[in-house]
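Here are a few notes to read with the model open beside you. Take them in any order you like.

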Amino acid sequence: MKGELLYGCNSANKKFFEPSDRDYFDKTFGTRLDIIYLSEFLRASACGSNGLEFSLNNSSDAPNANGSYRSSGLVLSVPIFYSNRLSDPTQLKYQYIPAKLDKTEYKIVQSIRNPDNTTTFYNRHGVRFVFTQTGTIGIFDFQSLLVNLVAALALTKLASMVVELMMLYILPRRNFYNDVKFDEECYNPELHGTDSKEEEKP
């Protein structure tokens with residue numbers, strides 16, 4: 001699979017770089033893993049004009065924050081969009097589209113019990129990544145097409161039969177529907193004539 005890191009606030013899907021240029025082969029899972037630095041996520045997710053200079057040392061925009069992002073923390077939303085080509089379904093592609101959530105901070109309060117029965121609280125701030133997976137990956141399957149086609153035809157026939165039965169036996173004007181649907185014709189042998197042949201005896 002080929003991966004790309006995009007600028008999250010660029011509507012033109014401008015590419016930041018390809019993680020596959022600097023990946024790592026994991027022997028445990030037998031696959032290649034992307035290596036993306038925190039600074040690269042931050043630079044790609046910034047929406048301001050100084051996006052290329054964005055870092056944890058910038059002043060935080062969170063309410064009541066008196067310091068930098070390093071002290072207040074922040075939240076990054078990173079959707080991963082998967083897609084493939086119908087002409088070649090094996091060519092899979094995925095894109096990281098990071099975006100910094102405005103006016104957010106992230107912290108965790110950790111409590112540690114000390115030997116003297118006192119409790120120490122650590123107010124830890126950092127960067128929270130929220131990864132979501134989206135996109136469409138598909139391949140043409142003739143069997144699925146056939147099953148869906150047969151099911152659609154069967155449902156259409158069933159719906160037609162139910163409507164017809166309701167018209168003929170349940171609805172108030174069923175007699176009218178019955179007269180319109182069926183034509184009655186009287187058979188008169190004198191008018192229509194009969195075909196008969198006599199066998200010649202030897």
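The points below cover salt bridges, a pair of helices and a hairpin.

1. Before anything else, keep in mind that this is a predicted model. A search of the whole structure turns up four salt bridges, and a few of them are worth a look.

2. Start with Lys100, whose side chain meets that of Asp61 in a salt bridge at 3.4 Å, N to O. The two are 39 residues apart: Asp61 sits in the loop between helix 1 and helix 2, and Lys100 belongs to strand 7. Lys100 also meets Asp102, at 3.7 Å, N to O, and Asp61, Lys100 and Asp102 are linked in a network.

3. Asp61 is partly exposed at 30%, while Asp102 is exposed at 54%.

4. Next, look at helix 3 (residues 142-169) and helix 4 (residues 174-181), whose axes come within 6 Å and cross at roughly 115°. Glu164, Met167, Leu168 and Tyr169 make the contact from helix 3, with Arg174, Tyr177, Asn178 and Lys181 on the helix 4 side. By class, that is four nonpolar, one polar and three charged residues.

5. Which salt bridge joins these two helices? Glu164 and Lys181 meet at 3.3 Å, N to O. Glu164 lies in helix 3 and Lys181 in helix 4, so the pair ties together parts 17 residues apart in sequence. Glu164 is partly exposed at 33%, and Lys181 is partly exposed at 42%.

6. Finally, strand 8 (residues 107-113) and strand 9 (residues 119-125) run antiparallel, joined by seven bridges. Gln110 has Tyr122 as its bridge partner in strand 9. The strands form a hairpin with five residues between them, and Asn117 in the turn has a positive phi of about 65°.

Technical notes
Residues are numbered from 1 along each chain as its sequence is written. This is a predicted model: local features need pLDDT of at least 70, side-chain atom pairs count only at pLDDT 80 or more; totals for chains, interfaces and linings use all residues. Side-chain values use heavy atoms; hydrogens and water are left out. Axes are lines fitted to C-alpha atoms, for helices over the stretch in contact, and angles run from 0 to 180 degrees between N-to-C directions. Helices (H or I, at least four residues) and strands (E, at least two) are DSSP runs, numbered from the N terminus. Contact means heavy atoms within 4.5 Å. Ala, Val, Leu, Ile, Met, Phe, Trp, Tyr, Cys and Pro count as nonpolar, Asp, Glu, Lys and Arg as charged, and the others, Gly among them, as polar. Two strands pair if DSSP finds at least two bridges between them. Buried means under 20% relative accessible area, exposed over 50%, partly exposed in between (1.4 Å probe, protein chains only).
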